Amino acid sequence: MKKPPAFTSRTSRVAAAATAALAVTALSACGAADTGAAASSGGPGDKVTIAVPSWVGAEANAAVAAHILEEEYDVRVEKTQIDESVAFDGLDSGKIDAVLEDWNGAPEKIEKYVDQKKSVVSAGDLGVTGKIGWFVPEYLAKEHPDITDWKNLDKSAHLFRTAESGDKGQLLEGSPSYTTNDDALVKNLKLDLKTVYAGSEAAQITQIQQDYKARKPFLTYWWTPNWVNEDVKMVEVKLPEWTEGCDEDPKAVDCGYPETPLRKYLSAGFAKDGGKPAEFLKRMKWTEEDQNEVAAMIAGKKMSPEDAAEKWVAENEDVWKSWVA
């Protein structure tokens with residue numbers, strides 16, 4: 001298998017390492033996933049453990065999968081919030097059964113566990129393609145059409161100044177646990193910008209929504225798919241084209257981000273002995289529109305993940321019935 005490109009993920013290795021001890025403790029407290037012969041048939045007491053990274057799209061995947069597993073296979077589902085990279089350690093140990101949305105967050109661990117050790121197996125594509133980039137609001141792009149090319153950002157950098165960025169333009173980031181490459185990009189492209197972290201996806205969304213409502217100029221690290229894009233119209237800034245290997249050295253990155261087909265992974269033990277629940281997760285595949293619909297109910301309408309999943313499942317039997325065939 002060709003080694004996936006490094007440093008193009010949503011989740012930072014540095015942050016993952018810092019939280020590894022806590023994650024291992026949490027996993028130990030939850031106990032190992034109850035897989036094997038019991039899970040193969042589905043029944044009271046069976047359990048499937050799903051890792052949930054810290055963004056609402058991943059929460060939507062897990063909520064829908066959990067609802068169907070519990071209703072169709074009579075298994076308990078435990079959803080464990082954990083960074084993408086650390087989740088692969090859980091898959092390796094068998095304490096986590098499934099990761100349903102990987103943005104190539106741990107290429108070295110995929111090589112180690114999937115390609116070499118074979119303690120983790122690919123469960124196929126989720127059906128959604130992710131894309132990270134820099135974005136500006138549509139109204140700003142219409143007013144300054146050339147602002148959508150990185151080569152012209154410097155002359156507009158003053159528009160993005162904030163109290164946090166000082167005399168430089170602000171490049172709004174989300175959680176410090178997301179890998180962005182943006183500090184290297186700013187430095188290597190010699191841009192008059194400063195990265196400023198909102199602290200979380202929710203805080204970043206709040207800031208974007210506030211600025212958008214006020215029709216303020218802003219420049220932000222962002223990604224698709226995301227439910228916010230339905231209401232907040234943004235235009236991507238063209239960065240230097242991504243080519244294979246251009247981001248391998250984190251200090252020398254001077255290219256944009258690739259499109260990333262989001263993938264699912266299972267622990268090898270669960271994939272082998274998890275029976276119908278494991279086969280269901282392998283078949284689960286939906287669209288960006290499906291995911292955004294559930295994510296919008298959770299984050300936009302403030303529904304619980306369980307209620308959002310129940311509503312989506314009730315209204316979209318034609319989509320998910322093939323997953324349980």
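Author: Let's start with lysine 282, which counts as partly exposed because its relative accessibility is 30%. Keep in mind that this is a predicted model. Lysine 282 has a partner, glutamate 279, and the two form a salt bridge whose closest N and O atoms are 3.1 Å apart. Glutamate 279 is partly exposed too, with a relative accessible area of 33%. Both sit in helix 10 (residues 275–283), and because they are three residues apart there, about one helical turn separates them.

Now hop over to helix 12, where glutamate 315 and lysine 311 lie four residues apart, about one turn of the helix. These two also make a salt bridge, and here the closest N and O atoms are 2.8 Å apart. Glutamate 315 has a relative accessible area of 47%, so it counts as partly exposed. Lysine 311 is partly exposed as well, at 35% relative accessibility.

One more pair is worth a look: the side chains of aspartate 146 and lysine 155 meet in a salt bridge, 2.7 Å from N to O. Aspartate 146 is partly exposed, with a relative accessible area of 30%. Lysine 155, on the other hand, is exposed, because its relative accessible area is 54% and the cut-off for exposed is over 50%.

Note on methods. Residues are numbered from 1 along each chain as its sequence is written. This is a predicted model: local features need pLDDT of at least 70, side-chain atom pairs count only at pLDDT 80 or more; totals for chains, interfaces and linings use all residues. Side-chain values use heavy atoms; hydrogens and water are left out. A salt bridge is a side-chain nitrogen of Lys or Arg within 4 Å of a carboxyl oxygen of Asp or Glu. Buried means under 20% relative accessible area, exposed over 50%, partly exposed in between (1.4 Å probe, protein chains only). Helices (H or I, at least four residues) and strands (E, at least two) are DSSP runs, numbered from the N terminus.
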